[in-house]
Amino acid sequence: MTHDQTPALLGGQPTRPEGPPPWPVADVAIQESLQKAFAANTWGLYHGPHVEELQIRCRKIIDQPNFALASGTLALEIALKSLNIGPGDEIILAAYEYEPTFLTIHALGATPVLVDIQQDNPTLNPKQVAQAIGEKTRVILASHMHGGVADISLLQKVITDSKREIALVQDLSQMPGLDPVPDSDFSILSFGGSKPLSAGRGGMLFCGDTARCQKAKLQLYRAGHQWGTLSELQACVLLPQLEQLKPHAQQRRDAFQRLNSLLREVPGLRPIPTPEKPPLADYYKVGFFFESDAFGLSREIFVRALRAEGIAFSPGFRALHRGRAANRFRKIGSLSHADLASEHLITLHHPVLLAGDSALEQVASAVWKTYRNAERIREAALPTQAQLRFDD
Ligand SMILES: *Cc1c(COP(=O)(O)O)cnc(C)c1O
């Protein structure tokens, strides 16, 4: 069979005309769970059995007291509020991070302290964290990011060595299937619409001990009424997904390996390495370092070309210190790796990892097709405004 090798960006046939696999997947178990809640007439309750059940079953992810919330961002805010974080306090986080996390710190009037990431892993560099700790440091916030696992045990040691009272908050939003999850004072999970465990919106806060959990929960009470919690309907769609978390995480890990072997020889494309020791990673936005000189296209054009092929690549985040007034944060060192990540990271959205070998082969063949046609694409006069075929 011969394929039309004209890039879809230049009018050729897309590799995946149907676009990326839909998310969440249409799952009969979810439908049945909704029907059961309907039949039992429990779906409209303020306090019903599904949220309770979800909280109990989430102890299989981390065996710590927890409660379900309206979003992952809210879970972070509640954790910080329960620590009385406010003006004058400093929170250490990576300069390459999810921007709403940074803005949550501002929302409480505290100061973000930006630290560089590791060379080939977009998570906190523990050595630089040690340098960043000072009188005002109250929290270290570590996110597992793009398939890179944060070194939680080393960060814990940095805190112990500092002899200060500093809380460690770990953000699992991009890695719900991290296995096993290391201990920390608080852990955050997101059930947002694009996440591996999805209820459209939602989150979970895990607390290192019962006292912390009680204190955090108090932040949700307004005159006996709880605001910002997860609904019964949301818990209802999450329960069957939770059953699948471990097998799906393993499937994503296997698919990541398979994809890497298919992409290994592509010039200018380098995956974030798999951790050498446990815990095992999970994948949400799968990160790759993209070198435009070696590939022959700018990162932006690469992403547009792949999206035209029906493959959900995106540019990574903009580092938090870039394009932002210097009085909005304190920074440690030159943040050079965060700058590099800001310029070179691309991510692949996770649903394709569960879509089977042929879908992974399509990703690889779209990347190769784009590489082979790089010169043609460079020479084409492309409109500057990207045409997005889909939204992830
Ligand atoms: C998605 C995400 C969150 C939380 O998102 P919500 O939409 O508020 O649930 C937090 N941190 C990171 C790194 C994320 O990717």
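Author: The model is a predicted one. Taken over C-alpha atoms, the centres of domain 1 and domain 2 are separated by 25 Å.

Reader: Which residues make up domain 1 and domain 2?

Author: The protein chain is divided into domain 1, residues 28-241, and domain 2, residues 242-391. These bounds come from an automatic or database domain assignment.

Reader: How do you know how many residues of domain 1 and domain 2 are in contact?

Author: Contact means heavy atoms within 4.5 Å. By that criterion, 52 residues of domain 1 are in contact with 44 residues of domain 2.

Reader: What makes β1 and β15 stand at the edges of the sheet?

Author: The open sheet has 8 strands in the order β1-β9-β8-β7-β6-β2-β3-β15, with mixed pairing. β1 (66-69) and β15 (330-331) each have a single partner strand, so one side of each is left without a neighbour in the sheet.

Reader: How do you know that strands β6 and β7 pair, and in which sense?

Author: Two strands pair if DSSP finds at least two bridges between them. Strand β6 (residues 137-143) and strand β7 (residues 167-171) have 5 bridges, in the parallel sense. Ile 140 stands opposite Leu 168 in β7.

Reader: Which strands does helix α4 touch where it packs on the sheet?

Author: Helix α4 (residues 99-107) touches β2 (90-94), β3 (111-115), β6 and β7. The direction of helix α4 makes about 145° with that of β3. Helix α6 (residues 152-162) lies across β6 and β7, and runs at about 165° to β7.

Reader: Why is the largest cavity called a cavity?

Author: The term denotes a set of points where a 1.4 Å probe fits but cannot get out. A search of the whole structure finds 1 cavity of 30 Å³ or more, and about 130 Å³ of space lies in the largest cavity.

Reader: What lines the largest cavity?

Author: Among the lining residues are Trp 23, Ile 30, Pro 196, Gln 244 and Arg 252. Helix α8 (residues 232-263) gives the most to this lining, with 5 residues. By class, the lining of the largest cavity has 7 nonpolar, 3 polar and 2 charged residues. Domain 1 and domain 2 each supply at least three residues of it.

Reader: Why is the largest pocket said to lie between domain 1 and domain 2?

Author: Both domain 1 (28-241) and domain 2 (242-391) give residues to its lining, and the largest pocket therefore lies between them. About 670 Å³ of space lies in this pocket. Of its 39 lining residues, Tyr 98, Lys 195, Tyr 284, Lys 285 and Phe 317 lie nearest its centre.

Reader: Which element gives the largest share of the lining of the largest pocket, and how does that lining divide by class?

Author: The largest share comes from α10, with 4 residues. At least two residues each come from α3 (72-82), α4, β8 (186-190), α10 (299-308) and β14 (313-315). The lining of the largest pocket divides into 12 nonpolar, 18 polar and 9 charged residues.

Reader: Where does the second largest pocket lie, and how do you know?

Author: Domain 1 and domain 2 both give residues to the lining of the second largest pocket, so this pocket lies between them. The second largest pocket has a volume of about 480 Å³. It is lined by 20 residues, and the closest to its centre are Asn 121, Val 149, Pro 275, Glu 276 and Lys 277. The lining of the second largest pocket comprises 10 nonpolar, 6 polar and 4 charged residues.

Key
Residues are numbered from 1 along each chain as its sequence is written. This is a predicted model: local features need pLDDT of at least 70, side-chain atom pairs count only at pLDDT 80 or more; totals for chains, interfaces and linings use all residues. Side-chain values use heavy atoms; hydrogens and water are left out. On a 1 Å grid over the protein atoms alone, a cavity is a set of points where a 1.4 Å probe fits but cannot get out, and a pocket is an open set with protein on both sides within 12 Å along at least five of seven lines; lining residues have an atom within 4 Å of a point. Grid points are joined across faces, edges and corners, and a volume is the space filled by probe spheres set on the points. Ala, Val, Leu, Ile, Met, Phe, Trp, Tyr, Cys and Pro count as nonpolar, Asp, Glu, Lys and Arg as charged, and the others, Gly among them, as polar. Axes are lines fitted to C-alpha atoms, for helices over the stretch in contact, and angles run from 0 to 180 degrees between N-to-C directions.
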